[in-house]
Amino acid sequence: MTAPCHDQRMEKPWDCIVVGAGAAGLSAALVLGRARQRTLVVDAGGQSNLVAHGIGGLLGHDGRSPAKFYAAGRDELAAYPTVELRSGEVLGGERRDEGFVLELADGSREVARRVLLATGMDYRLPELPGVAERWGRSVFHCPFCHGWEVRDQALGVLDRGASGVRRALLVRAWSDDVTLLANGPAELDAEDVEQLRAAGVTVDERRVAELRGPNSTLTAVVFADGEERHCGGLLVPVTLHQRTTLAEQLGAAVADPNPLVVDALKVDSMFGTSVPGLFAAGDLSGQMQGVANAVAAGSSAAAMIVHDMMSEAHGLSPVG
Ligand SMILES: Cc1cc2nc3c(=O)[nH]c(=O)nc-3n(C[C@H](O)[C@H](O)[C@H](O)COP(=O)(O)OP(=O)(O)OC[C@H]3O[C@@H](n4cnc5c(N)ncnc54)[C@H](O)[C@@H]3O)c2cc1C
């Protein structure tokens with residue numbers, strides 16, 4: 001009797017399984033496939049910027065819809081018989097002598113010599129009515145991604161203290177009309193107040209109750225006292241978290257938290273995690289967020305993986 005296809009695969013491990021097909025994972029799979037490495041890409045289809053109209057600041061694709069960008073990446077991979085792209089979710093896994101065994105949500109198990117985690121991060125938003133429906137449009141966390149689209153409008157920065165000062169001054173690049181919305185005491189010292197005043201940034205300490213405007217457009221911030229302030233774009237603070245426990249299950253160490261990224265994976269300059277054979281690229285490693293950075297990290301990580309495998313197989317001297 002012929003063994004099912006899945007069992008045949010279990011007998012022959014993939015050279016690499018890439019978990020996640022966002023910018024980092026797709027970019028890595030392209031480099032791995034072109035290096036003739038048998039590569040399985042498993043993706044749950046939840047890239048973090050899908051809600052945005054367009055990708056801001058990506059050379060060659062500036063303003064392109066994220067969905068179209070990822071579809072184009074998948075189309076390019078289809079030309080390479082070395083790469084299989086599968087919709088699904090990796091639920092868990094473990095390191096074994098010969099590499100890794102990953103468990104997929106459909107109940108299948110896949111074995112690989114190397115694993116690249118490119119699972120992105122969960123961007124957690126402030127709990128404020130009106131934020132979620134405008135997220136990635138008129139409400140955003142990164143002015144480099146979305147600032148151009150709201151340039152020269154009245155812009156708000158929801159924050160306080162030192163980070164509020166820093167972010168409000170940064171947003172001045174996109175508008176002369178910037179308000180620091182502290183949503184309570186602004187926690188500024190005399191130097192902060194003077195710096196903001198000199199930059200023409202207004203400080204408003206009233207409690208913010210909700211955002212107003214049709215659909216994903218923002219027209220005003222509404223305060224608890226019922227008054228409104230005209231606002232066409234709002235920068236909000238977010239925190240980034242691992243989406244799943246997969247990296248933890250595989251034993252990857254986490255870096256110290258910072259105010260933005262709570263549990264980034266520790267990676268070395270070769271994109272290796274603390275676990276031999278386990279690599280990571282993209283948002284989950286706490287690198288500066290952005291599609292260009294994720295593409296670059298995925299590409300570099302894939303090259304390091306190929307190098308690592310050729311070191312093991314043929315004694316190629318390690319990089320670095
Ligand atoms: C709202 C928003 C707008 C943005 N706009 C811009 C912009 O305009 N320009 C810009 O340069 N950057 C922008 N960014 C940042 C940019 O989107 C990210 O830096 C980039 O997408 C990170 O790529 P990644 O491949 O690391 O992760 P992601 O793009 O998040 O992709 C990770 C993929 O892995 C999948 N996955 C996760 N866990 C599993 C699992 N266990 N099994 C299988 N698959 C899994 C996810 O479903 C997802 O498809 C924006 C971010 C947000 C949140």
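**Exercise 1. Place Thr179 in the fold: which strand holds Thr179, and is Thr179 buried or exposed?**

Step 1. Thr179 sits in strand S10. Helices (H or I, at least four residues) and strands (E, at least two) are DSSP runs, numbered from the N terminus. This is a predicted model, where local features need pLDDT of at least 70, side-chain atom pairs count only at pLDDT 80 or more, and totals for chains, interfaces and linings use all residues. Residues are numbered from 1 along each chain as its sequence is written, and side-chain values use heavy atoms, with hydrogens and water left out.

Step 2. Thr179 has a relative accessible area of 3%, so Thr179 is buried. Buried means under 20% relative accessible area, exposed over 50%, and partly exposed in between (1.4 Å probe, protein chains only).

Step 3. Set aside residues up to four places away in sequence. Thr179 then touches Leu155, Gly156, Val157, Thr202, Asp204 and Arg229. Contact means heavy atoms within 4.5 Å.

Step 4. Now take the whole strand, residues 178-181. Val178 and Leu180 point one way, Thr179 and Leu181 the other way. All are buried. In a regular strand the side chains alternate between the two faces of the sheet.

**Exercise 2. Find the neighbours of S10: which strands do bridges join to S10?**

Step 1. Strand S9 (residues 155-158) is joined to S10 by four bridges, and the two run parallel. Two strands pair if DSSP finds at least two bridges between them. Val157 has Leu180 as its bridge partner in S10.

Step 2. Strand S11 (residues 202-204) is joined to S10 by three bridges, again parallel. Thr179 has Thr202 as its bridge partner in S11.

Step 3. S9, helix H5 (residues 161-171) and S10 form a right-handed β-α-β unit. S10, helix H6 (residues 190-199) and S11 form a right-handed β-α-β unit too. A crossover is right-handed if, with the strands pointing away from the viewer, the path from the first strand over the helix to the second runs clockwise.

Step 4. Gly161, Gly164, Val165, Arg167, Ala168 and Val171 are the buried residues of H5. They pack against S9, S10, H6 and S15.

**Exercise 3. Order the sheet: what is the order of the five strands, and which strands stand at the edges?**

Step 1. The open sheet runs S8-S15-S9-S10-S11, with parallel pairing.

Step 2. S8 (139-140) and S11 stand at the edges. Each has a single partner strand, so one side of each is left without a neighbour in the sheet.

Step 3. Check the S8 end. Two bridges join S8 to strand S15 (residues 233-235), which run parallel. The partner of Phe140 in S15 is Leu235.

**Exercise 4. Compare two loop residues: where are Arg134 and Gln289 found?**

Step 1. Arg134 lies in the loop between strand S7 (121-124) and S8. Its relative accessibility is 4%, so Arg134 counts as buried.

Step 2. Beyond residues up to four places away in sequence, Arg134 touches Val139, Leu211, Arg212, Gly213, Asn215, Ser216, Thr217 and Leu218.

Step 3. Gln289 lies in the loop between strand S17 (278-280) and helix H8 (291-314). Gln289 is buried, at a relative accessible area of 16%.

Step 4. Leaving aside neighbours within four places in sequence, Gln289 is in contact with Tyr123, Leu240, Leu260, Val261 and Asp283.
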